[in-house]
Every structure is written in structure tokens, then in C-alpha cells.
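I opened this entry to keep track of what I look up, one item at a time. The structure goes in first.

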Amino acid sequence: MISINKYRYILYIQTVCIISYTILTNADAQVTPPSQQTTNTLNEQRYTGSLLSPSGAMTTAGLWAIEPYAQITISRGRYLSNGNVQNSKNRTDNFINFTLVKYAVTNHFSVQSTPQIRYAWNGRTTASSLHFADLPVELQYRLIDQNNPKYIPSLTTILGMTFPTGNYSNLGRSLDGAGNGTYTVRFGLQSQAAYKIFNRALRIRVWGVGRQPLNSVNIKNISNYGTSLGYQGNARPGLFGNTGFSVEYGFNKEWLFSFDFVYDWARGTRVRGTNKNAVYNRNITGASHDIQIAPAIEYNWTPKIGAIVGTALTVNGHNTNDFIQPQFAIMMLF
């Protein structure tokens, strides 16, 4: 089994890469001052996305950002421990609606939350109803301001908590699970900058984030941890997170193409307890990962209203789901 030290090492490498990216780009900016034409191109470009990348702290105090997403996850099977995909008749699909809500407390400090509801189904049954998932809240502070004309990227620190508001234990049916029951610390770094490429704006984002559950949870009967009727015990999820980069290229100031590349990883989950026959068992799921890509098209009517439509899909993984995920979002600033 892969130790937690490996994931701490991964987070360390992610942090070094983001900080190095920021420092090197800043150094380039001091050597090559941009033209006025470049300044106009970058300042006029409008953005919505991308689909999977986290955004940094906003730059104007008092600004609200509201961005509702609609996603349909279509399962294509499951990646086994050797990386091969195993198909199944009763694959679980789901619909997720989450809304990114962000408020700029100051010109450098923002608060963000993404309440989420979901509905799931497979070849045999469905969820009993729409279910509210766990609730994440993040504090974002921008350490370095983004200056597109000078090619200086921003650098935002992220710290928050996910609160256990979703169903996870004593479920009526397995598809009703929408949370993991733990308080989870959220932490990471995000950086972005824009460049003039072929007379159009190209924005790049890079990030690395981690999620550390703080507690174990008691579980009973059917749960989101794969247990069935009669089970009693507890579960503790391990550290998980992702890193990635995105590019957004403007065809003009309204239309853009965006692309995300994301590496998700997770340490195993420990589950132990007794089944309906009072037989004790202890299980630790293996570490997992997947690689996702997400091409999309953005259209922005104004600098404050835009939309994005595209598809995320897995292209590699082990011990995790293989899926394709069409999605759509509208971004609004107030």
C-alpha cells in the first residue's frame, strides 16, 4: 500500500512547481515589457472557465460571482488495479447541480462555497430523491496580483473546510449516499496569467490542492462506504486531492476554447465492523488515481456574463471509475 508520505511529497512537488512558475514568469516580465497592443488584447478578453480549474481570489471588493453548473456523469466501467477497464451492466450514473458562490471581501481576499445536489441511477434502481451533498467553504487570499500586460501571474492560497451535510449512513438505498460524514480540511495553491499568442489572449492556470479528512465516522446498514443491511462499524477516508493545468485561448473577445488536464489521486479508505452475521471484517481500499481531460467552448456576452459547455472524461486510472461527464455552466458577476 502506498504511504501517506508519498502524497505529502506529491503536494510538496505541486507547491514547488506553482511557486517556480510564478517566480520564473515574474523574472521574464522584467526582461520583456509588452507593447500597448498586447495590453489592449489581454485587457479586452472575457473569460468564463475553464470547466475543472479552480479560480483565484477576485480583485474587486464587494463583487459577487455566481456560477451554476449542470453535470451528467455517464459511467463507462471501472479501472482495475492494473489500469484495465472492467465493464459492468449496472454502472451508476448521476446528475449533479452545484453552484459556485464567491464574494470578494477585499481586493485580495474572497470567500467561496459550492452547494451541491445530486441524483443517481443504474440499471436496477434510482436514488429516492435529490440529495444535498457535503458543503465546502473556502477562504482564498491572493499573495501576488495578476498583471496580464506584464506577464505577471497571480498566486492565490486556498484554505477551507468541507462540512458533512450529505447522507452517508443508514441509507434507504445505496444510491442515496451523497457525502462521507467527515470534516475535511481543504488546502492548496492556484496561479494564473494571460499571454498574447498569435494576436489573441491565452490564459493559463496551474494548481495543486489537497483534502484531509479529520475524523472517522460510525456507519450502519447501507452506507456510502459500500456496506449493506445489518452492518455496524466505522470508516475513515484517507488524504485525497488533485493537480492540473488549464489553457483558454480567445478566438475573439467573446469566444474561447478551453482545455483542462487534471490528475486526481486518493489514499485508501479504512472500513471495519461487523456484518449482519456478526462477523468482524476490516478492509482498506487501495490507493487510486485518474487522469481527466476536459475540452470546452466559452462564450461571453459581456465581461460579467458568460457560458461554457464541454465534456470531462477519464483517459487513465486505477481503482476508480471510468466516465464521461458532459457539463454546462453560466457565469454571472454582480
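My notes follow, starting with confidence and then going through strands and one histidine.

**Confidence**

I noted that this is a predicted model. I looked up the pLDDT and found an average of 89 for the protein, with 88% of the residues scoring at least 70.

As one example I picked Asp260, whose bridge partner in S17 is Ala294.

I next looked at strand S18, residues 305–318. It pairs with S17 in the antiparallel sense over eleven bridges. In this pairing I found Gln292 opposite Thr314 of S18. How many residues does the hairpin from S17 to S18 pass through? I read off two residues.

**His289**

I stayed in strand S17 to look up His289, which has its place there. Is His289 buried or exposed? Its relative accessible area is 15%, and buried means under 20%, so His289 counts as buried.

I then listed what surrounds His289. Leaving aside neighbours within four places in sequence, His289 is in contact with Tyr263, Asp264, Trp265, Asn316, Gly317, His318 and Thr320. Two side-chain pairs went into my notes separately. The side chains of His289 and Asn316 are joined by a polar contact of 2.9 Å. The side chain of His289 also makes a polar contact with that of His318, at 2.6 Å.

**The four-stranded sheet**

I turned to an open sheet of four strands. Its order is S11-S12-S15-S16, and the pairing is antiparallel. Which strands are at the edges? I found strand S11 (217–220) and strand S16 (280–284), each of which pairs on one side only.

Last, I checked the pairing of strand S15, residues 270–274, with S16. Five bridges join these antiparallel strands. I noted Gly273, which stands opposite Asn281 in S16.

Terms used
Residues are numbered from 1 along each chain as its sequence is written. This is a predicted model: local features need pLDDT of at least 70, side-chain atom pairs count only at pLDDT 80 or more; totals for chains, interfaces and linings use all residues. Side-chain values use heavy atoms; hydrogens and water are left out. Two strands pair if DSSP finds at least two bridges between them. Buried means under 20% relative accessible area, exposed over 50%, partly exposed in between (1.4 Å probe, protein chains only). A polar contact is a pair of N or O atoms within 3.5 Å; within protein, one must be able to donate a hydrogen and the other to accept it, and residues adjacent in sequence count only if both atoms are side-chain atoms. Contact means heavy atoms within 4.5 Å. pLDDT is the predictor's confidence in each residue, from 0 to 100.
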